[in-house]
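Please consult the sequence and the coordinates shown below while reading.

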Amino acid sequence: MSEPILSVRGLVKSFGGLVATDHVDVDVYPGEIHALIGPNGAGKTTLIAQLCGELSHDAGTIALDGKTIDGVSVADRVHLGLARSFQITCLLPTYTVLENVALAVQIRQGHSFRFWKPVRSDTALLARAHAHLARVGLADRADALVANIAHGERKQLELAVALASEPRLLLLDEPMAGLGPVESAEMIEILAGLKSHASMLLVEHDMDAVFALADRISVLVYGRVIASGTPEEIRASEEVKAAYLGEGDELGAEDLVC
Ligand SMILES: Nc1ncnc2c1ncn2[C@@H]1O[C@H](COP(=O)(O)OP(=O)(O)OP(=O)(O)O)[C@@H](O)[C@H]1O
Ligand SMILES: [Mg+2]
């Protein structure tokens, strides 16, 4: 097997007396979707925040391509190829879909808001932003105001914003949140299509999506990884079943709802 693109070892993060990340080990390999599942409050978002550098960790190491990135800033991690999406979307509602992505591209190129105005006439920038929109199925919504788009389209747009830095590793925090069945199916298709562009660590409560997309799954409970393996191994794991359901119950993708 090739070397992992992301390798996390012994990661610890406490908030006062609460150990939110308890000696976590996770590897993500090139070209793979690694899903991170677990009940509410298990520490999934906290782990993502440490991986992208928004939160510092108390102990352990995070390595990208075999080199530690402990202490590396959020911006520098983006330049190294890490990008995240958020559990709660953060977009500019009075700008168009295309402008939101163009702004993200511009920010990732190192410019600030002060230089925003010329962006609207920067055809190369707009073309790049358009390409990201096409990857997430939003090409025909480029001119819509963000305030007027549907929730599912917001989730797609959020993904396009994350793609603006052309990451090699995407950290996705609940891309299916609040989506109906049709929109979820569309998002699954979009993420499957992005697999050839970026590896992914996918935090998700929607088990249909997890079992449709994941090459490997890690299960986080009270900050600890209690199991890690293929979807088949996770489905069959007694420890995982016990963590989610009463012991001895059968576990199907439709049951494993956090
Ligand atoms: N900044 C913080 N200060 C104190 N406690 C925090 C902070 N951030 C998270 N926590 C706590 O850490 C634990 C893990 O929270 P986290 O948001 O990472 O869980 P999660 O697995 O993402 O849950 P969900 O599935 O609901 O999104 C929770 O008990 C939460 O209350
Ligand atoms: Mg969360």
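In which hand of crossing does helix 3 pass helix 5? Helix 3 passes helix 5 in a right-handed crossing, where right-handed means that the near helix is turned clockwise from the far one by less than a right angle, and left-handed anticlockwise. The model is predicted, so that local features need pLDDT of at least 70 and side-chain atom pairs count only at pLDDT 80 or more, whereas totals for chains, interfaces and linings use all residues. Residues are numbered from 1 along each chain as its sequence is written, chains are lettered from A and ligands numbered from 1 in the order written, and side-chain values use heavy atoms, without hydrogens and water.

**Helix 3 and helix 5**

- The two axes come within 8 Å and cross at roughly 25°; axes are lines fitted to C-alpha atoms, for helices over the stretch in contact, with angles from 0 to 180 degrees between N-to-C directions.
- Helix 3 is therefore roughly parallel to helix 5 (under 35 degrees; over 145 is roughly antiparallel, 65 to 115 roughly perpendicular and the rest oblique).
- Helices here are DSSP runs of H or I with at least four residues, numbered from the N terminus.
- V97, N100, V101, A104 and R108 of helix 3 make the contact with L157, A160, V161 and A162 of helix 5, contact meaning heavy atoms within 4.5 Å.
- The residues of this contact comprise 7 nonpolar, 1 polar and 1 charged (nonpolar: Ala, Val, Leu, Ile, Met, Phe, Trp, Tyr, Cys and Pro; charged: Asp, Glu, Lys and Arg; polar: the others, Gly among them).

**Helix 3 and helix 4**

- Helix 3 (residues 97-108) packs against helix 4 at an angle of about 110°, with the axes 8 Å apart.
- The pair is therefore roughly perpendicular, and the crossing is right-handed.
- From helix 3, V97, L98, V101, A102, V105 and Q106 meet L125, L126, R128, A129, H130, H132 and L133 in helix 4.
- By class, this contact has 9 nonpolar, 3 polar and 1 charged residues.

**Helix 4 and helix 5**

- Helix 4 (residues 123-135) and helix 5 (residues 151-163) pack at about 130°, their axes 9 Å apart.
- Helix 4 is therefore oblique to helix 5.
- H132, L133 and R135 of helix 4 make the contact with L157, A160 and L163 of helix 5.

**Ring interactions**

- R235 lies over the face of F211, 4.2 Å from the ring centre (criterion: NZ of Lys or CZ of Arg within 6 Å of the ring centre and within 35 degrees of the ring normal).

How values were computed:
Helices (H or I, at least four residues) and strands (E, at least two) are DSSP runs, numbered from the N terminus.
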